[in-house]
Amino acid sequence: MTFKKNLKDSLRIAQKDLLEFSRSKMRIATFVLMPVILIALFGFMFPGSGQISHIPIALVDEAPTGEGSYIATAFERLSSTSGSLNVITFSSVAQAKQAVIRGEVYGVFIVYPNFPARDSLVLIVDNTNPQVAAELEASVGSILSSLVGSNPSPLYVESIAPWAPSSEFEYMAPGFVGLTVVMAGMAGLAATVAREREIGTMDGLMVAPIARSSIITGKAVAQMVRGLLQAAIIVVMVVAFFGVKVYGNPLLIIAVLILGDLGFVGLGIIATSVASDQETATMMLMLLEFPMMFLSGVLYPVIQLPWWLQYVAKVIPLTYMVEALRRLMILNAGLGAIMGPLLFMLVFAVIAIGIAVPIFSRAVTR
Amino acid sequence: MIRVEDGSIVVKDLTKIFQGGFAAVDHVSFEIKDGELFGLLGPNGAGKSTTMRMLTTLLRPTEGDAFIGGHSIKDEPDKVRLLIGLVSDKLIVYDRLTARENLRFFGHLYGLGGEKLEERIDELLDEVDLSRFADRAVGTFSTGMKQRLNLVRALLHNPKVLFLDEPTLGLDPQTVRFIKDLIVQLHQSDITMVLTTHEMALAEELSERLAIIDHGKILAIGEPKRLEEENGVKNLEDLFLKLTGRQLRDTLGKEKSAPRVIRG
Ligand SMILES: Nc1ncnc2c1ncn2[C@@H]1O[C@H](COP(=O)(O)OP(=O)(O)O)[C@@H](O)[C@H]1O
Ligand SMILES: [Mg+2]
């Protein structure tokens, strides 16, 4: 009963917020242009190459005896002495490919028994991460050339997602989808709450016989709807203009976006509650947004960062959201392959919302 | 005939101490009878708005409590919220929505809806002469029009108690007169009203009883004529100056400690 009323009140507020939003032509124009510009800009841009090392790679030795029996051990040894690759051994190609989809390794190196025939050494790369893929190919190539010579090369390279055209953009598109939704949830929510407080209409919501949580939930719902609409614009654009093929169950993708957004909505609420005005809240959130944009694997693969920044990336929740989206949308992964990131997002959401709602209620009646 | 006294207000030791230990309202107690029009006067920074905000459940008292229609503002804020309406100089209307959409939205928050709500909206808009502008965005309204809309917004759910915090601030004489007439009319319909204003003439004319507060404390309370006689002054303004002194109130309180909820 109370729950139903609270939900209804929330939806009324969400509806009001969206109605207000829809009345401003300037805001709608900006709202549509933001993702369009973002995509147009980055769609043609290539991130600069960095020094990538210790790329995790799966090794499958199908030729434990015979002429190629030394390859696997030597490959492992040279990888660790050069520091370019982190070799993880798998017993079957299928298992190794699953590890790629789960994001544990960036490629699979297979030694077949017909070595040294042509194509008896196979490297399968994660082409949705083009930069890492290129680096991986180069590292494996250089190790092999010192092992078996390079002419003629027995190495055959293939892709984990042959359906996906290999471009930087393939890699970035899911990141932008996640980033857009998160920005709307975090900064957008903080801005509308602060605005209502400053113009005084928040008092009108607060004297009404509705729960404090309905106010904040309603506003969050409105922001999420906006974020999802912008995400949809991005998806349409990358599919229509950049030839990206998007896979994955749309409902699952939306669920990941909403779950991932919740924690950031919480951060937005916390910032607005703690800050004295809209400007301060916006500045506080900018402080979070910038590192997030560059460190969470939206633009550059996390593995390309210096080791200490990789640790920072691992505590940024957006990293997990983007990771899950990339696996879903490009690698066509199932629910099982994104369980880890989902769990992290869930924990983050519960903690952030758990802190945010009481802080908000207290801040508005202080 | 049994009359339910649900528009009464009982204030007991109501206190608000802001961060830094500043007591904006300091153990204030008074009672307002059902249907009464009560004035709250005091210089800037006296604690009028803080008192109003506590009574309207917007601000939690540090100490003490108040009861509206017998319900504690601390323990039963939801019951209190159903009984009260709030009008202040900060207009609670959304510029991007039309007048009707504004009223419909707030009506929904009070659990109203359907045909009945639409009829109520028509009736209220008519009352404040805004029917012609019902479907215009409120952003295009003059301040006076907005305040008229804001007033009926507070009346949508037929509140038993209406809180008016400086409702005439920054308005033209026509609108001030309009609002004054509306207050008189509402008073005849037995709604309890608490009014703060700077305009002594308005307070003197309208209030059945009033309190003069300063530094968060009540200095005098009673019927305006009685208070004037008791203090040997001829009008409310003289009484006010006699009680609160003539020095200017240029406190820096707001800048120093009150960035959060800035109210007149
Ligand atoms: N949120 C707040 N935090 C700290 N101080 C406040 C806050 N709100 C008001 N004050 C201070 O409390 C005093 C009373 O303010 P107020 O009730 O608004 O006075 P007024 O009688 O003019 O309406 C003022 O000195 C004001 O600066
Ligand atoms: Mg005031």
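This is a predicted model: local features need pLDDT of at least 70, side-chain atom pairs count only at pLDDT 80 or more; totals for chains, interfaces and linings use all residues.
Helix 1 of chain A gives the most to the lining of the largest cavity, contributing five residues.

The largest cavity has a volume of about 80 Å³. Its lining is made of 13 residues, and those closest to the centre are D17(A), E20(A), R27(A), T192(A) and R195(A). Which helices of chain A each supply at least two residues to this lining? They are helix 1, which runs over 2-22, together with helix 6 and helix 8. By class, eight of the lining residues are charged, three are nonpolar and two are polar. Counting cavities of 30 Å³ or more gives three. Rolling a probe the size of a water molecule over the atoms is how such empty space shows up.

Next, a pocket. The second largest pocket holds about 780 Å³ of space. Its lining has 23 residues, and M183(A), A184(A), A187(A), G188(A) and R226(A) lie nearest the centre. Four helices of chain A each bring at least two residues to that lining: helix 2 (25-43), helix 6 (168-199), helix 8 (212-242) and helix 10 (278-295). Which of them has the largest share? Helix 6 of chain A does, with eight residues. The lining of this pocket divides into 11 nonpolar, eight polar and four charged residues.

Now the contact between the two chains. Chain A puts 31 residues into the contact and chain B puts in 29. The area buried between chain B and chain A is about 2,800 Å². Carbon and sulfur atoms give 56% of that area.

Side chains of opposite charge can pair when their charged atoms come close. Over all chains the structure holds 26 salt bridges. How many are there between chain B and chain A? The count is two.

One salt bridge joins the side chains of R23(A) and E101(B), with 2.6 Å from N to O. This pair crosses between chains: R23(A) sits in the loop between helix 1 and helix 2 of chain A, and E101(B) sits in helix 3 of chain B. Another salt bridge is formed by the side chains of D203(A) and R53(B), at 2.9 Å from N to O.

On the side of chain B that touches chain A, helix 2 (77-83) and helix 3 (99-109) of chain B each supply at least two residues. Helix 3 of chain B gives the most to that side, with five residues. The residues on this side of chain B divide into 14 nonpolar, 10 charged and five polar.

To recap, the largest cavity takes the most lining residues from helix 1 of chain A, and the second largest pocket takes its largest share from helix 6 of chain A. On the side of chain B that touches chain A, the most comes from helix 3 of chain B.

Technical notes
Residues are numbered from 1 along each chain as its sequence is written. Chains are lettered from A and ligands numbered from 1 in the order in which they are written. Side-chain values use heavy atoms; hydrogens and water are left out. Contact means heavy atoms within 4.5 Å. Buried area is the accessible area (1.4 Å probe) that two parts lose on being put together, summed over both. A salt bridge is a side-chain nitrogen of Lys or Arg within 4 Å of a carboxyl oxygen of Asp or Glu. Ala, Val, Leu, Ile, Met, Phe, Trp, Tyr, Cys and Pro count as nonpolar, Asp, Glu, Lys and Arg as charged, and the others, Gly among them, as polar. On a 1 Å grid over the protein atoms alone, a cavity is a set of points where a 1.4 Å probe fits but cannot get out, and a pocket is an open set with protein on both sides within 12 Å along at least five of seven lines; lining residues have an atom within 4 Å of a point. Grid points are joined across faces, edges and corners, and a volume is the space filled by probe spheres set on the points.
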